[in-house]
Amino acid sequence: MRFFLQSTHPSSLEGRDMTNSESKATLSFSDGSPSLDMPIYKGTIGPDVIDIRKLYGATGKFTYDPGFMSTAACNSSITYIDGDKGELLYRGYPIEQLAVNCDFLETCYLLMNGELPNAEQKKKFVTTVTNHTMVHEQMQFFFRGFRRDAHPMSVLVGTVGALSSFYHDSLDINDPHHREVSAIRLIAKLPTLVAMAYKYSVGQPFVYPRNDLSYSANFMRMMFSNPCEEYKVNDVLVRALDRILILHADHEQNASTSTVRLAGSSGANPFACIAAGIACLWGPAHGGANEAALTMLREIGSVDKIGEFVKQVKDKNSGVKLMGFGHRVYKNYDPRAKLMRETCHEVLNELGLQDDPLFKLAMALEKVALEDEYFVSRKLYPNVDFYSGIVQSALGIPVSLFTGIFAMARTVGWIAQWNEMISDPEQKIGRPRQLFVGSAKRDVPPMAQRG
Ligand code: SDX
């Protein structure tokens with residue numbers, strides 16, 4: 001059963017006539033360098049791109065774009081974001097529709113395969129993933145090397161990378177079947193490893209996955225059941241977790257996805273590439289923001305302290321940021337944040353926590369920020385991380401594991417993007433250049449002459 005599009009990359013630009021593209025950009029220089037025509041390509045939707053690949057060869061000049069604010073690093077057909085509209089599409093489907101009409105494994109199939117599964121395809125895919133949820137029995141020994149209070153992301157970086165030591169049968173990245181087997185193994189085993197990281201941190205025995213539970217119910221049971229008490233599946237809570245996974249599954253060329261693509265461009269195996277993505281996601285400016293947002297809310301403490309906190313945020317010298325707010329692409333409300341807030345309501349109502357002080361504080365803080373010129377003028381809106389911590393906390397997930405849940409969800413997006421890159425005939429090893437501002441060539445002085 002194949003889950004990946006055949007290796008022909010659907011939107012490859014290869015072979016496109018560079019001289020006859022629909023339109024072009026002409027770059028001229030005031031220093032007398034010869035001007036250069038560069039083709040402009042249109043996507044299905046979204047900004048056009050100027051193909052600058054011939055720039056250095058023709059002019060000896062690089063472009064300069066730290067943070068890649070204006071750079072398309074690849075062409076892709078997986079996820080589209082319209083930051084101004086606050087729109088997110090997975091393979092063309094709006095996230096709002098997927099979050100309501102699909103479950104996470106259907107979304108995984110869509111991201112990997114380009115189309116939603118029919119009933120038979122879904123059944124086969126779910127069975128395949130379910131039958132790969134166990135990890136090699138020796139994996140448990142890696143955990144013993146960690147301190148019990150190690151951050152779960154450090155454990156995941158280590159154990160996911162270590163998976164490659166068990167699967168020499170599926171590491172040929174040029175074999176589409178090997179890529180597919182590795183993808184299934186990663187999607188299936190991340191929940192098991194995340195739950196193991198949690199159990200290890202609380203000193204409880206690892207819980208094996210069960211094949212009679214759904215993906216998200218299986219994870220909740222591996223997290224919360226123990227030898228003394230079976231976990232009772234709560235469908236509302238399981239559905240909430242499943243929706244959290246859908247909302248985090250992919251997001252175009254964000255920092256961690258770009259990390260996975262760059263690692264993969266060297267030919268590194270998929271397990272190592274996903275471990276690199278996990279490492280990047282850990283940063284508080286990226287996936288670590290959900291943990292930081294909840295910590296921020298706890299530090300603010302109460303609604304009457306919001307004014308003082310916002311004052312600190314506006315003071316550039318404070319270095320304080322409103323975590324869970326702002327986004328490189330969204331200059332409107334992150335559609336995932338709206339869905340996350342709805343999920344918050346559902347979970348807190350189910351648990352009788354409607355008056356949860358943190359949720360009330362978050363909504364009050366959001367209201368203040370959305371009415372404050374400082375945030376409005378900078379187009380800072382809540383992003384996916386603002387509410388996700390509150391939901392996860394209500395589900396019983398410890399703060400330190402929030403980014404691990406994000407990694408568990410994003411694994412499918414990373415692996416779909418990685419596969420798209422590997423199967424793109426245009427792909428080369430990623431190797432950016434630089435503007436060198438260091439010392440020009442100089443001779444080594446003898447010791448006596450050194451300052
Ligand atoms: C994720 O890329 C993705 O798609 C990521 C992600 C995904 O699904 O993969 O969506 C997941 O990472 C969401 C973002 C989570 N991070 C946070 O919530 C951390 C807080 N946010 C900021 O660190 C920041 O908003 C970023 C990093 C998210 C975006 O930063 P940018 O695009 O580089 O913008 P910037 O730092 O240049 O900010 C522009 C202005 C600056 O002020 P001025 O210099 O113009 O006066 O806005 C200010 C910033 O100081 N600003 C904030 C702020 N975010 C930006 N001020 C206070 N609080 C904030 N959160």
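Predicted model: local features only at pLDDT ≥ 70, side-chain atom pairs only at ≥ 80, totals over all residues.
The contact between them draws on 10 residues from domain 1 and eight residues from domain 3.

The size of an interface is often given as the accessible area lost when the parts come together. Between domain 1 and domain 3, the buried area is about 670 Å², and carbon and sulfur atoms give 60% of that area.

What kinds of polar link join the two sides? Four residue pairs are in polar contact across the interface of domain 1 and domain 3, with both residues of each pair at pLDDT 80 or more. Salt bridges between domain 1 and domain 3, on the other hand, number zero.

Now turn to the side of domain 1 that touches domain 3. Two elements each give two or more residues to this side: strand S4 (79–82) and strand S5 (87–90). By type, the residues on this side of domain 1 are three nonpolar, three polar and four charged.

## Around the ligand

The model also holds a ligand. How many residues surround the ligand? There are 23, and the closest are His251, Lys316, His327, Arg336 and Arg410.

Lys316 places a polar side-chain atom 2.8 Å from an oxygen atom of the ligand. Arg328 also has a polar side-chain atom 2.8 Å from a ligand oxygen atom. With Phe325 the backbone is involved: one of its N or O atoms lies 2.9 Å from a nitrogen atom of the ligand.

Conventions. Residues numbered from 1 in each chain as written. Heavy atoms only, no water. Contact = heavy atoms within 4.5 Å. Buried area = accessible area lost by both parts, 1.4 Å probe. Salt bridge = Lys/Arg side-chain N within 4 Å of Asp/Glu carboxyl O. Polar contact = N/O pair within 3.5 Å; in protein donor to acceptor, adjacent residues only side chain to side chain. Helix = DSSP H or I, 4+ residues; strand = E, 2+ residues; numbered from the N terminus. Nonpolar A, V, L, I, M, F, W, Y, C, P; charged D, E, K, R; others polar. Near = heavy atom within 4 Å.
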